[in-house]
Amino acid sequence: MFAKSELALAGCAPDRASSRRFAVPSLRSALWIARPGAQPACFHFQKLDTLINQHQQKYGKLNNIKKAMLEKMFPKQGETIPEIRFKGFSGEWVERSWSDTVDISTNMVDPRNCQYGELFHVGPGNIESFTGRFYNNILKVKSSNLISGKFHFNKGDIIYGKINPQLAKYVIAPFEGLASADAYVLNTKNGVVQNYLFAILHTEDFYKYTVSVSSRTGMPKINRDELNIYSYMAPSESEQTQIGNYFQKLDALINQHQQQITKLINIKQACLSKMFV
């Protein structure tokens, strides 16, 4: 069972992430309070700075919780039971091989075919390191001047950057699209749940493995054969689902705080630009 005190550090548990709401002023209201004759500008900037600091603290605590849970919710090397589990689950985990549980897509298509023009094209350069999130720089296939073959993927597929694995680029696709040849499209099989595999990609064990095998070449890259010999521990499918959902909710909450930090900083900068011309 999870340690409630650890989750309390974040101010709320991940299973309540979807109902969280943050009181962030709009740009219009921020500019209104900075109008001539209003309270001193320093007063309002102090409030903005306080909000930014609060979100930064929550963001930091949530990331620390995620790091700790990634260590405690998976068995340590040589062990078959994790330190922390959801209530109601017991028994030993079993070792699963990548080759037996993960399908690496070979469905490469010609991006010049008009049927793909409205889809998005993504590659490692569109994915943030270590976060499982996209940057806001994704273009449609028709706007990307693509020539060489790309991997077709569907919503829910995992996209994993095979170039420079030390950058840890992976994401669950929220839409259908085409992926760069510098990425793998992954789907689980044979009793492994998709969001559990995504959690595995975040673990230190997987990260260390990919970095160690890719560093043997001039351009760090992990190939299919190297992935296929990787193995990891897994519980029952129902427990896998609980674990995967937990980390997805935690990531969503971390992302919410990051978005609010960015929004508040943009509001502050806009107010400063309006006040000092």
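In what order do the 4 strands of the open sheet stand? The order is β2-β10-β7-β8, with antiparallel pairing. The views below are taken from a predicted model.

**View 1. The open sheet of 4 strands.** β2, β10, β7 and β8 follow one another in that order. Their pairing is antiparallel. The edge positions belong to β2 (102-104) and β8 (170-172). Each edge strand has a single partner, so one side of each is left without a neighbour in the sheet. On average, neighbouring strands of this sheet are turned by 25 degrees against each other, direction ignored.

**View 2. The pairing of β7 with β8.** Strand β7 covers residues 158-161. Its antiparallel pairing with β8 runs over 3 bridges. Y160 stands opposite Y170, a residue of β8. On the sheet scale, β8 is one of the edge strands.

**View 3. E92 in its loop.** The loop that holds E92 lies between α3 (41-72) and β1 (94-97). Is E92 buried or exposed? E92 has a relative accessible area of 61%, over the 50% cut-off, and is therefore exposed.

**View 4. The surroundings of E92.** Which residues does E92 contact, leaving aside neighbours within four places in sequence? They are T80 and I81. With T80, the link is also polar: the side chains of E92 and T80 are joined by a polar contact of 3.4 Å.

**View 5. E92 and A234.** These two residues are 142 residues apart along the chain. Their C-alpha atoms are separated by 9.0 Å.

How values were computed: Residues numbered from 1 in each chain as written. Predicted model: local features only at pLDDT ≥ 70, side-chain atom pairs only at ≥ 80, totals over all residues. Heavy atoms only, no water. Helix = DSSP H or I, 4+ residues; strand = E, 2+ residues; numbered from the N terminus. Buried < 20%, exposed > 50% of the residue type's maximum accessible area, 1.4 Å probe, protein only. Contact = heavy atoms within 4.5 Å. Polar contact = N/O pair within 3.5 Å; in protein donor to acceptor, adjacent residues only side chain to side chain. Pairing = 2+ DSSP bridges. Axes fitted to C-alpha atoms, helices over the stretch in contact; angles between N-to-C directions.
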